[in-house]
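Please open the model in your viewer and keep the selection panel at hand. The tour begins with the whole chain and then turns to a single residue.

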Amino acid sequence: MRNRVSAAKRRVMLGVVAAVGLLATGCAKQTFPQDALHPQGPYADKIDRLWRIVFVPAAIMFFLVMFLVLFVSFRYRARSDEDAPVQTHGNIKLELTWTIIPFILLLVIGVLTVKTVFDINKIPKGNVLPVTVTGHQWWWEYRYPTLGITTANELHIPTGKKVNVTLTSADVIHSFWPTELAGKVDAIPGRMNHLTLEAVKPGTYDGQCAEYCGLSHANMRLRVVAHSPSDFAAWAANQQKPAAIPTGTSDEAVGAGLFKSKGCSGCHTINGYSAGQVGPNLTHLETRKVFAGAIFPLDEQHLTRWLRNPPAEKPMMPQNGIGMPNLKLSDQEIASLISFLQTLH
Ligand code: CUA
């Protein structure tokens, strides 16, 4: 008997420790780059404010109901077979109370929710930056129609300006979720959805595809890089330049040749050099910090591993035409290709 009690006690203690541990992780700062409870712009703020307003009464309700359930279960439990409770029927006061209070609560939550939904879905007018975001299995494409720029995975924006995002998809349904800057909106093939985001401070904000979209859904991250308006103008001016393709017999020039002869150009656009439409635009690849659905840092080591066997680095289905195939490149070819890619500033 004593052993059973101490085992039960231990289980309770373990549960308490686990719960405290879970709660404590909520206090950690900066270790969760996709923290939706850490809003960094006015649109994320609106959602966060609504969440906080709903969360407090919901938490109070939860603990009140749990307490009452436990209290009533113990206080009024049957102590013997003959121990039947007093039978009552109807109590106008109580019934009115538990109808009116939830009605008022739900009315307040409903009104605030509808107001927020309309608020964040309003198409911004005036001085806004339009961007078309297209989901692909498994990366993001960004087009700036007014600037003539196409890039991938890293969405660059100026601070203090509303970004009017038009969302669509090239294949299946994805969901664009820049966690600290806005809510999530589905990217659906054949449809144009809308989302507005705005960053207050310059910085890097990570996000994630939030709709299951196949094998590498979890590897479909995204990144928003917010610049000061002048830095953004400089970034845009550089993106608008065509690539300077190396010529001659240098390693870079050999890589540029391989880019065409090995078929890379069939999938990837390099403005002024190739026009592939399947994979990310690589014209200014070296200005990005991440690649492959924003899951790898863009450096020589990761590019080398990637070019050696892409589907081994990130699950893809090249046999079905989805994702980059293994081109069976030699180490020398990989080195030359990377030398070329590193010229794409
Ligand atoms: Cu795209 Cu999940």
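How many Å apart are the mean positions of the positive and negative charges of the protein chain? Select the charged side chains: the mean positions of the 33 positive and 25 negative charges lie 7 Å apart. Lys and Arg count as positive and Asp and Glu as negative, with His and the chain ends not counted; each charge is placed at NZ of Lys, CZ of Arg, CG of Asp or CD of Glu.

This is a predicted model, in which local features need pLDDT of at least 70 and side-chain atom pairs count only at pLDDT 80 or more, while totals for chains, interfaces and linings use all residues. Residues are numbered from 1 along each chain as its sequence is written, and side-chain values use heavy atoms, with hydrogens and water left out.

Next, display the C-alpha atoms, which fill a box of roughly 100 × 60 × 35 Å along the principal axes. Colour by secondary structure to find eight helices and 14 strands (DSSP runs of H or I, at least four residues, and of E, at least two, numbered from the N terminus).

Now select glutamine 208, in strand β9 (residues 203-209). Because its relative accessibility is 13%, glutamine 208 counts as buried (under 20% relative accessible area, 1.4 Å probe, protein chains only). Buried residues make up 37% of the 345 residues in the chain.

Finally, show the contacts of glutamine 208 (heavy atoms within 4.5 Å). Leaving out residues up to four places away in sequence, its partners include Gln34, Trp177 and His217. The side chain of glutamine 208 reaches the backbone oxygen of histidine 217 at 3.3 Å.

Terms used
Buried < 20%, exposed > 50% of the residue type's maximum accessible area, 1.4 Å probe, protein only. Polar contact = N/O pair within 3.5 Å; in protein donor to acceptor, adjacent residues only side chain to side chain.
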